[in-house]
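Student: Please pick one part of this model and look at it closely. Then show me what lies around it and elsewhere in the chain.

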Amino acid sequence: MPAAIEASCHAYLGTTMHSVTAAADSAVRHDWTLAEIQALFALPFNDLLYQAQRLHRRYFDPNAVQISTLLSIKTGACPEDCKYCPQSARYHTGLKAEALLHVEDVLAQAKLARDNGATRFCMGAAYRGPKDKDLDNIISMIRAVRGLGMETCATLGMLTAAQAQRLADAGLDYYNHNIDTSEDYYREIITTRCFQDRLDTLRYVRDAGMHVCCGGIIGMGEGLSDRAAMLHTLATLPEHPESVPINQLVQVEGTPLHGRAAVDPFDFIRVIAVARILMPKAHVRLSAGRTQMHDEMQALAFFAGANSIFYGEKLLTTDNPEQDADRRLFARLGIHAEALAADADLGQGAGAAEKHEQRRATT
Ligand code: SF4
């Protein structure tokens with residue numbers, strides 16, 4: 001930790017330790033300050049995990065983990081320059097580009113995922129933003145997958161307000177759009193768009209009535225202050241994302257971030273715990289990078305408040321633990337797959353947008 005931040009955290013802790021504890025215990029907040037978040041990061045590891053676990057138990061079954069499956073529906077040849085991503089056309093990673101899949105192929109994969117216990121099916125396409133004609137096909141995929149009784153999620157890059165509305169009208173439940181890191185560090189990672197572009201798409205998604213899935217990546221060379229600032233951005237949104245994926249960088253040869261120093265596992269767990277405290281009602285997803293994690297580290301992440309994973313052998317284009325390994329780990333930890341919420345109402349035509357409207361009408 002930089003000395004200046006450490007000093008200010010310790011000073012802050014010395015005077016307001018009680019208020020941090022009280023803050024962590026209070027109702028869901030959207031007014032977190034950066035200093036409060038830095039103070040959480042500076043807590044002794046056991047104190048931080050205790051607070052996170054306590055809050056986790058208030059809002060969730062501590063032994064349930066939500067399972068999503070992610071399929072790449074259009075792979076590679078992306079014009080963007082995200083330095084961590086093997087799908088960028090700018091880097092030579094040996095990845096084979098693939099056009100948008102057919103609806104029947106996506107449906108077959110979704111059925112397989114459902115039969116393996118996934119309740120949410122996420123479809124990822126390597127676009128800067130989708131063209132309207134691509135959306136026609138993707139909307140057919142969304143309708144088909146919802147017909148299986150699964151929640152749907154898509155990650156297609158930047159959207160216009162009109163595109164977000166089309167997806168919501170089609171019944172898309174979640175839209176994933178990660179902010180990746182802090183606003184300050186963002187330009188070190190991506191130059192083809194800016195942080196505000198991300199926030200604009202997130203706003204369109206919310207305004208259209210969809211659930212938001214938004215998180216970041218740890219291990220890109222960012223500092224502790226960047227991790228705190230990234231979580232500060234998420235925790236001070238008018239509505240917290242319902243889903244917060246925390247990824248550990250998967251280093252792919254040929255990408256500019258290949259060769260970065262590995263993240264200290266305890267630092268990674270701290271990010272999960274702080275996310276849990278700041279956004280206690282969100283599903284915090286232990287996302288990319290699990291193949292590099294021992295079972296013990298994953299167990300610690302679940303204790304710190306992670307309660308969602310991607311299940312399946314691929315995460316878009318990088319490896320994910322084998323499903324048998326996940327089943328064995330769940331059995332050893334006494335963890336079970338979280339069932340769909342009773343109000344999910346899938347396959348009946350009520351997507352997130354309609355439910356959002358229903359909620360608004362009744363409150
Ligand atoms: S992260 Fe997404 S937008 Fe960035 S290069 Fe990869 S596919 Fe393209």
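Tutor: Start with one term. A residue is buried if 20 or more other C-beta atoms lie within 10 Å of its own, and exposed if 12 or fewer do; in between, it is partly exposed. Keep in mind that this is a predicted model.

The part to look at is helix α10, which runs over residues 265-278. It has 14 residues. From its first C-alpha to its last, α10 reaches 20 Å, close to the 20 Å expected at 1.5 Å a residue. Now ask how covered it is. The helix is mostly covered, with 11 of its 14 residues buried. The buried stretch opens with Phe 268, Ile 269, Arg 270 and Val 271 among its members. It also includes Ile 272, Ala 273, Val 274 and Ala 275. Arg 276, Ile 277 and Leu 278 are buried too. Note that two arginines, Arg 270 and Arg 276, are on this list.

The largest nonpolar core has 95 residues. Within this core, Ile 272, Val 274 and Ala 275 touch the most other members. Helix α10 gives the most to the core, with 9 residues. Take Val 274 as an example. Leaving aside neighbours within four places in sequence, Val 274 is in contact with Ile 37, Leu 40, Phe 41 and Leu 231.

Step back to the whole chain. It has 363 residues, and 47% of them count as buried. Its secondary structure comes to 13 helices and 12 strands.

Val 212 sits in strand β5, residues 211-213. It has 23 C-beta neighbours inside 10 Å, so Val 212 counts as buried. Apart from neighbours within four places in sequence, its contacts are Tyr 175, Leu 202, Val 205, Arg 206, Pro 241 and Glu 242. His 240 is 28 residues from Val 212 in sequence, yet their C-alpha atoms are 8.0 Å apart.

Loops need a look as well. Leu 172 lies in the loop between α6 (161-169) and β4. With 31 other C-beta atoms within 10 Å, Leu 172 is buried. Its C-alpha is separated by 8.3 Å from that of Arg 146, 26 residues away along the chain.

Most residues other than glycine have a negative phi. Asp 180, in the loop between β4 (174-176) and α7, has a positive phi near 70 degrees. This residue is buried, because 22 C-beta neighbours lie inside 10 Å. Ala 77 has a positive phi as well, near 60 degrees. It is found in the loop between β1 (64-74) and α4 (103-115). Ala 77 has 15 other C-beta atoms within 10 Å, so it is partly exposed.

Finish at the ligand. Around the ligand are Cys 78, Glu 80, Cys 82, Cys 85, Gln 87, Ser 88, Ala 126 and Gly 157. By type, this shell divides into 4 nonpolar, 3 polar and 1 charged. Arg 193 belongs to the loop between α7 (183-189) and α8 (195-208). It counts as partly exposed, because it has 18 C-beta neighbours inside 10 Å. Arg 128 is 65 residues from Arg 193 in sequence, but 9.0 Å away in space, C-alpha to C-alpha.

Terms used:
Residues numbered from 1 in each chain as written. Predicted model: local features only at pLDDT ≥ 70, side-chain atom pairs only at ≥ 80, totals over all residues. Near = placed C-beta within 6 Å. Nonpolar A, V, L, I, M, F, W, Y, C, P; charged D, E, K, R; others polar. Helix = DSSP H or I, 4+ residues; strand = E, 2+ residues; numbered from the N terminus. Contact = placed C-beta atoms within 7 Å. Core = buried A, V, L, I, M, F, W, Y, C linked by C-beta atoms within 7 Å. Expected span 1.5 Å × (residues − 1).
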